[in-house]
Amino acid sequence: MLYEALDKLKATREGLSSEEAQKRLIEYGPNALPKVEVNRLMVFLGFMWNPLSWAMEVAAVLSIVLLDFPDFGLILALLLLNACIGYFEEMQAGDAVAALMGQLAPECKVFRDGAMINTPADQLVPGDIIRIRLGDVLPADVKFLEGDPVKIDQSSLTGESLPVTKGEGDEGYSGSICKQGEIEAVVTSTGINTFLGRAAEQIAGADSHGRLQEVLTTVGNFCMVSIVLWCIIELVVQLGARKEENPCLIITDGCLGVANILVLIVGGIPVAMPTVLSVTLAIGSSALAKENAIVTRLTSIEEMASMEILCSDKT
């Protein structure tokens, strides 16, 4: 079985040549999890893209139209405060994929051109022969070659509470730690194709919309519909009562409906609700951080608080 694996990978016990390794690196790509570049500006603006924020933004525009600078400043301050808190917490938290990437070994011992050398872990390719020693982090998914059994701690991946004994023909997972022994192994999978890489891919693709966000969206949509209906009623009443006045003329008590529409918008939405929620959740995130808990999404705090029973295995 072991030699079948070597034949399948077109590898030998002496390792790959530098030329073959370079070809496979081009074919399979680096032994690293894909990095998703985040546009920080778009993340910041995203906190202003929801029904409640839209209503506040319209109110801010109407405040400028009416030259009501105090209201404009207050509304703008609330918008920016809410966006800044959410943005700061999200950037501080990082993401789970970055945490998983930190578990990968920075370099390893590999046979190339018949000699053992130290090479960066991201340069490994399927078919490479590597040596694993006490304390080493497995840099990729491997199949162990002949030699004395080793003990591998893979609790962070599988939940097993004690190190597992691995021997010839057994598989080892990227991110596991060698706790005892020394053995050679052939690399079978790298990068996103490893056990760890598939887990990271599932985390990255998880839906990030929580229950609290859905509730806020529902509340915002209801407020928007209510505001629009009352604005229509306001305009109909104003135009009907002031037929002879210019509806576009903006003078003291003469801008038909605009001032009242501003009142309807500001009064029809819970202006401070997003800010109060962000501050409250940020305080919760700070408290959890002191307990070494990483919060990748602020709304997850509210979701955890609403749980009655949490079932979990050893992981």
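This is a walk through a predicted model, one selection at a time.

**Before you click**

Residue numbers start from 1 along each chain as its sequence is written, and side-chain values use heavy atoms, with hydrogens and water left out. Since the model is predicted, local features need pLDDT of at least 70 and side-chain atom pairs count only at pLDDT 80 or more, while totals for chains, interfaces and linings use all residues.

**The whole chain**

Start with a cartoon of the protein chain: there are twelve helices and nine strands. These are DSSP runs numbered from the N terminus, with helices being H or I of at least four residues and strands E of at least two. Switch to a surface and you have about 18,500 Å² of accessible area, 61% of it belonging to carbon and sulfur atoms. Areas come from the Shrake-Rupley method with a 1.4 Å probe, and for residues only the protein chains shown count as cover.

Of the 315 residues, 36% count as buried. Here buried means under 20% relative accessible area, exposed means over 50%, and partly exposed is in between (1.4 Å probe, protein chains only). As for contacts (heavy atoms within 4.5 Å), take those between residues at least 6 apart in sequence: 70% of them join residues at least 24 apart.

**Stop 1: Leu41, Met42 and Leu45**

Select these three and show their surface. Together they make a nonpolar patch of about 310 Å². Patch members have over 30% relative accessible area and no salt bridge; nonpolar side chains (Val, Leu, Ile, Met, Phe, Trp, Tyr) are joined within 5 Å, like charges within 9 Å. Met42 sits in helix H3, residues 40-46, and is exposed at 52% relative accessible area.

**Stop 2: Trp49 and Trp54**

Next, pick the two tryptophans. Rings of Phe, Tyr and Trp (its six-membered ring) pair if their centres lie within 6.5 Å; planes under 30 degrees apart are stacked, over 60 edge-to-face, and the rest tilted. The model has two aromatic pairs by that rule. In the Trp49 and Trp54 pair, the centres are 5.1 Å apart and the planes meet at 75°, so this one is edge-to-face. Trp49 is exposed at 65% relative accessible area, whereas Trp54 is partly exposed at 29%.

**Stop 3: Ser53**

Now move to Ser53 in helix H4, residues 51-65. What is its relative accessible area? Ser53 comes out at 2%, which makes it buried. Leaving aside residues up to four places away in sequence, Ser53 touches Phe47, Met48 and Leu79.

**Stop 4**

Time for charges. Side chains of opposite charge can pair when their charged atoms come close. A salt bridge here is a side-chain nitrogen of Lys or Arg within 4 Å of a carboxyl oxygen of Asp or Glu, and the count comes to seven.

Select Arg112 and Asp128, whose closest N and O atoms are 2.7 Å apart in a salt bridge. Arg112 is in strand S1 (107-112) and Asp128 in the loop between strands S2 (115-120) and S3 (129-132), so the pair ties together parts 16 residues apart in sequence. Both Arg112 and Asp128 are buried.

**Stop 5: Glu182 and Arg131**

This salt bridge spans 3.8 Å, N to O. Glu182 lies in the loop between strand S8 (177-180) and S9, and Arg131 in strand S3, so the parts tied together are 51 residues apart in sequence. Glu182 is partly exposed at 41%, and Arg131 is partly exposed at 22%.

**Stop 6: Glu171 and Lys143**

In this salt bridge the closest N and O atoms are 3.9 Å apart. The pair links Glu171 in strand S7 (171-172) to Lys143 in strand S4 (141-144), 28 residues apart. Glu171 is partly exposed at 41%, while Lys143 is buried at 12%.

**Stop 7: the network around Glu184**

Select Arg13, Arg131, Arg133, Glu182 and Glu184: salt bridges with shared partners join them into one network. Zoom in on Glu184 in strand S9, residues 183-189. Buried or exposed, Glu184? Buried, at 14% relative accessible area. Its side chain makes a polar contact with that of Arg13 at 3.1 Å. The cut-off is a pair of N or O atoms within 3.5 Å; within protein, one must be able to donate a hydrogen and the other to accept it, and sequence-adjacent residues count only if both atoms are side-chain atoms.
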